[in-house]
Amino acid sequence: MRTIVNGLKLYYVDVGPRSRPTIVMIHGFPMGSEMWQSQIQVLRQRYRVVAYDLRGQGRSETGDGQFTVEFLVDDLIALLDALKIDGAVPCGLSMGGYVALRAAERHPDRVNGLILCDTKSEADTNEGKLARTVSIKAIKKDGVRKFAKSFLGVALSSSALSDRNLVSVATKIICRNRPLGLCATLLALACRTDTSGFLPKIKVPTLIVVGEADNITPFECSNRMHSSIQDSKLLLIRDAGHFSNMENPTQFNESVANFLAAGS
Ligand code: MLT
């Protein structure tokens with residue numbers, strides 16, 4: 001399905017019973033909503049599940065490539081409006097978590113709970129910003145496929161890297177992306193705000209999950225969020241790196257399902 005929000009065509013899926021609470025899946029960089037396939041299959045049995053491709057990625061349009069994380073939050077809220085959803089539980093992985101946290105900060109009335117996966121509240125350090133430039137140059141010079149290989153080499157745990165099917169699925173998702181969209185997203189990530197000061201103000205039930213071998217947003221980032229968010233739950237996903245939902249879907253899905261069943 002596609003809808004126009006803020007002047008751009010966004011791709012999304014909207015499944016599960018309309019009468020049930022809504023979970024909005026927000027993917028990480030450089031992926032797309034397809035990364036949530038195994039979660040959608042399970043969660044749709046009990047919840048309304050919306051998963052969409054953020055502008056610049058997957059099957060959504062990029063526009064002129066000039067946007068920040070604030071635009072990504074605007075798109076999320078506009079999508080909820082278009083689907084007539086008053087409040088939802090955003091489930092965001094990494095970049096998706098940055099969007100979810102900022103959405104909760106700007107639009108607390110639209111967020112009924114939070115699931116923060118393999119993410120952090122801190123903005124990029126200078127070192128992180130410089131690494132964005134390295135990635136942009138690599139994508140422009142060598143293309144998306146080569147970038148996918150080097151990105152997955154860092155993101156996935158060693159056991160996931162030896163799973164040919166998983167690597168092939170993740171590569172396919174990344175390779176759906178165009179260089180312009182990926183480079184634009186990297187710039188948006190580099191200039192995002194730090195949401196750490198907002199964490200103590202979060203009043204909705206919050207689940208934090210992180211792959212035990214996450215090299216990109218390691219356990220300490222999640223633990224810091226856990227210490228700052230009142231009554232939050234923190235769970236370590238075994239045998240998983242940065243894409244914990246894809247690397248250990250069984251434990252990931254069980255953790256999310258238990259959290260939602262407890263009445264987020
Ligand atoms: C992601 O998975 O969304 C990215 O690794 C986030 C980032 O690079 O900051």
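Biologist: Which residues lie nearest the centre of the second largest pocket, and how many residues line that pocket?

Modeller: Keep in mind that this is a predicted model. The general idea is that rolling a probe the size of a water molecule over the atoms shows where empty space is left. Here, 13 residues line the second largest pocket, and Ser38, Leu166, Val169, Met246 and Pro249 lie nearest its centre. Two or more lining residues come from each of H1, helix H7 (164-175) and helix H10 (244-247). The space in this pocket is about 210 Å³. By class, its lining has five nonpolar, five polar and three charged residues.

Biologist: What is the volume of the largest pocket, and which residues lie nearest its centre?

Modeller: The volume of the largest pocket is about 560 Å³. Its lining counts 24 residues, with Ala131, Arg132, Ser135, Phe151 and Ile216 nearest the centre. At least two lining residues come from each of H3, helix H4 (126-142), helix H5 (144-155) and helix H8 (179-190). The lining divides into 12 nonpolar, nine polar and three charged residues.

Biologist: Now the cavities. How many of 30 Å³ or more does a search of the whole structure find?

Modeller: A cavity is a space where the probe fits but cannot get out, whereas a pocket is open. The search finds two cavities of 30 Å³ or more. The largest cavity holds about 70 Å³ of space. The residues that line this cavity are Val69, Glu70, Tyr98, Arg102, Lys120, Ser121, Glu122, Arg192, Thr193 and Thr195. Helix H2 (69-82) and helix H3 (95-106) each give at least two residues to that lining.

Biologist: How does the lining of the largest cavity divide into nonpolar, polar and charged residues?

Modeller: Two are nonpolar, three are polar and five are charged. In the second largest cavity, the lining has seven nonpolar residues, no polar residue and one charged residue. The volume of this second cavity is about 30 Å³. Its lining consists of Val24, Leu76, Ile77, Leu80, Ala88, Pro90, Arg110 and Val111. H2 provides the largest share, three residues.

Biologist: Val24 is in that lining. Which way does Val24 point from its strand, and is it buried or exposed?

Modeller: To read a strand, note which way each residue points and whether it is covered. In E3, Thr22, Val24 and Ile26 point one way, Ile23 and Met25 point the other way, and all are buried. Strand E3 covers residues 22-26, and five of its five residues are buried.

Biologist: Which strands are joined to E3 by bridges, and how do they run?

Modeller: E3 and strand E4 (residues 48-52) run parallel and are joined by five bridges. In this pairing, Thr22 stands opposite Arg48 of E4. Between these strands the chain passes through helix H1 (residues 37-43), and this β-α-β crossover is right-handed. E3 also runs parallel to strand E5 (residues 89-93), with four bridges between them. There, Val89 in E5 is the bridge partner of Ile23.

Biologist: How many aromatic pairs does a search of the whole structure find?

Modeller: A pair of aromatic rings is described by the distance of the centres and the angle of the planes. The search finds five aromatic pairs. In one of them, the ring centres of Phe29 and Phe151 are 6.1 Å apart and the planes are at 80°, so the pair is edge-to-face. Phe29 is in the loop between E3 and H1 and Phe151 is in helix H5, so that the pair links distant parts of the chain, 122 residues apart.

Biologist: Why does Phe29 count as buried?

Modeller: The cut-off for buried is under 20% relative accessible area. Phe29 counts as buried because its relative accessibility is 6%. Phe151 is buried too, with a relative accessible area of 15%.

Biologist: What is the angle between the planes of Phe147 and Phe151?

Modeller: The angle is 40° and the distance is 5.9 Å centre to centre, and this aromatic pair is tilted. Phe147 and Phe151 are four residues apart in helix H5, so about one helical turn separates them. Both are buried.

Biologist: Which residues form one aromatic cluster?

Modeller: The cluster is formed by Phe29, Phe147, Phe151 and Phe243.

Methods. Residues are numbered from 1 along each chain as its sequence is written. This is a predicted model: local features need pLDDT of at least 70, side-chain atom pairs count only at pLDDT 80 or more; totals for chains, interfaces and linings use all residues. Side-chain values use heavy atoms; hydrogens and water are left out. On a 1 Å grid over the protein atoms alone, a cavity is a set of points where a 1.4 Å probe fits but cannot get out, and a pocket is an open set with protein on both sides within 12 Å along at least five of seven lines; lining residues have an atom within 4 Å of a point. Grid points are joined across faces, edges and corners, and a volume is the space filled by probe spheres set on the points. Ala, Val, Leu, Ile, Met, Phe, Trp, Tyr, Cys and Pro count as nonpolar, Asp, Glu, Lys and Arg as charged, and the others, Gly among them, as polar. Buried means under 20% relative accessible area, exposed over 50%, partly exposed in between (1.4 Å probe, protein chains only). Two strands pair if DSSP finds at least two bridges between them. A crossover is right-handed if, with the strands pointing away from the viewer, the path from the first strand over the helix to the second runs clockwise. Rings of Phe, Tyr and Trp (its six-membered ring) pair if their centres lie within 6.5 Å; planes under 30 degrees apart count as stacked, over 60 as edge-to-face and the rest as tilted.
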